[in-house]
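My entries follow in the order I made them.

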Amino acid sequence: IGGAERYIYPPFAAMCFQLLALFSLHQAAAIYCFINFLFWVMIIYYTKQILLLTGFNPKQINYALLIAFGLSFRYFLYHITFVQMNETVLLLSLAGVYNFLIGKRNVAITLLIVATFIKIIPIFILIWYACLVAFRLF
């Protein structure tokens with residue numbers, strides 16, 4: 001098919017993209033790029049919230065996030081430009097970890113399972129979560 005490329009994501013990711021099927025390809029890509037940009041902001045927010053729960057000095061956290069923002073810019077720009085699902089998975093994973101740390105375990109499991117349906121990488125966070133619960137470490 002002319003212009004078609006190999007689709008590397010599982011079917012659940014395609015179901016997420018179906019929400020944008022009402023728009024033309026260019027409009028859907030622009031909308032998803034904007035959504036990815038918002039996800040980037042939310043990723044920074046969740047990262048900061050998780051670090052604040054660790055007890056670090058908020059001033060040090062702000063400096064670390066500023067450095068992380070600068071160093072991760074190319075990664076996020078790539079995923080915004082090429083309409084990737086990695087930011088979605090990262091956001092769901094961070095939100096799952098944050099909800100786990102504040103005690104909302106059912107929300108955490110749900111977010112991590114949805115992230116795992118999109119890409120398999122969050123399975124390691126689910127294994128970590130299961131170990132913590134099994135050995136009652138948290």
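**Entry: one threonine.** I started at Thr 88, which counts as buried at 12% relative accessibility. My cut-offs: buried is under 20% relative accessible area, exposed is over 50%, and partly exposed is in between, with a 1.4 Å probe and protein chains only. Thr 88 is found in helix H4. Helices here are DSSP runs of H or I with at least four residues, strands are E runs of at least two, and both are numbered from the N terminus. I listed what Thr 88 touches, leaving out residues up to four places away in sequence: Tyr 32, Asn 36, Phe 39 and Ile 118. Contact means heavy atoms within 4.5 Å.

**Entry: ground rules.** This is a predicted model, where local features need pLDDT of at least 70 and side-chain atom pairs count only at pLDDT 80 or more, while totals for chains, interfaces and linings use all residues. Residues are numbered from 1 along each chain as its sequence is written, and side-chain values use heavy atoms, with hydrogens and water left out.

**Entry: the whole chain.** I counted six helices and zero strands in the protein. The order from the N terminus is α-α-α-α-α-α. Of the 138 residues, 32% are buried. I also checked contacts between residues at least 6 apart in sequence: 62% of them join residues at least 24 apart.

**Entry: helix H4.** I went back to the helix that holds Thr 88. H4 has 16 residues and spans 22 Å from first C-alpha to last, close to the 22 Å expected at 1.5 Å a residue. The expected span is 1.5 Å times one less than the number of residues. How many residues of H4 are buried? I found 14 of the 16, so H4 is largely enclosed by the rest of the structure. Gly 103 follows H4 and has a positive phi, near 100 degrees.

**Entry: helix H2.** H2 covers residues 25-53. Its 29 residues reach 41 Å from first C-alpha to last, close to the expected 42 Å. Its buried residues include Tyr 32, Asn 36, Phe 39, Trp 40 and Tyr 46. Gly 55 follows H2, again with a positive phi, near 95 degrees.

**Entry: H2 against H4.** At what angle do the axes of H2 and H4 cross? I read roughly 30 degrees, with the axes coming within 9 Å. Axes are lines fitted to C-alpha atoms, for helices over the stretch in contact, and angles run from 0 to 180 degrees between N-to-C directions. H2 and H4 are therefore roughly parallel to each other. The classes are: under 35 degrees roughly parallel, over 145 roughly antiparallel, 65 to 115 roughly perpendicular, and the rest oblique. The crossing of H2 and H4 is left-handed. A left-handed crossing has the near helix turned anticlockwise from the far one by less than a right angle; clockwise is right-handed. Among the residues making the contact are Tyr 32, Asn 36 and Phe 39 of H2, and Thr 88, Leu 91 and Tyr 98 of H4.

**Entry: H4 against H5.** Helix H5 runs over residues 105-118. H4 and H5 pack at about 160 degrees, with their axes 8 Å apart. They are therefore roughly antiparallel to each other. This crossing of H4 and H5 is left-handed too. The contact includes Thr 88, Ala 95, Gly 96 and Phe 100 of H4, and Ala 108, Leu 111, Ala 115 and Ile 118 of H5.

**Entry: rings.** I found six aromatic pairs in the structure. One of them joins Tyr 45 and Tyr 46, edge-to-face, at 5.4 Å centre to centre with 70 degrees between the planes. Rings of Phe, Tyr and Trp (its six-membered ring) pair if their centres lie within 6.5 Å; planes under 30 degrees apart are stacked, over 60 edge-to-face, and the rest tilted. Tyr 45 is partly exposed at 46% relative accessible area, whereas Tyr 46 is buried at 18%. Phe 100 and Trp 128 have ring centres 5.3 Å apart and planes at 65 degrees, so this pair is also edge-to-face. It links distant parts of the chain, with Phe 100 in H4 and Trp 128 in helix H6 (residues 123-134), 28 residues apart. Phe 100 is buried at 1%, and Trp 128 is partly exposed at 37%. Last, I noted that ring pairs link Phe 37, Trp 40, Phe 69 and Phe 73 into a cluster.
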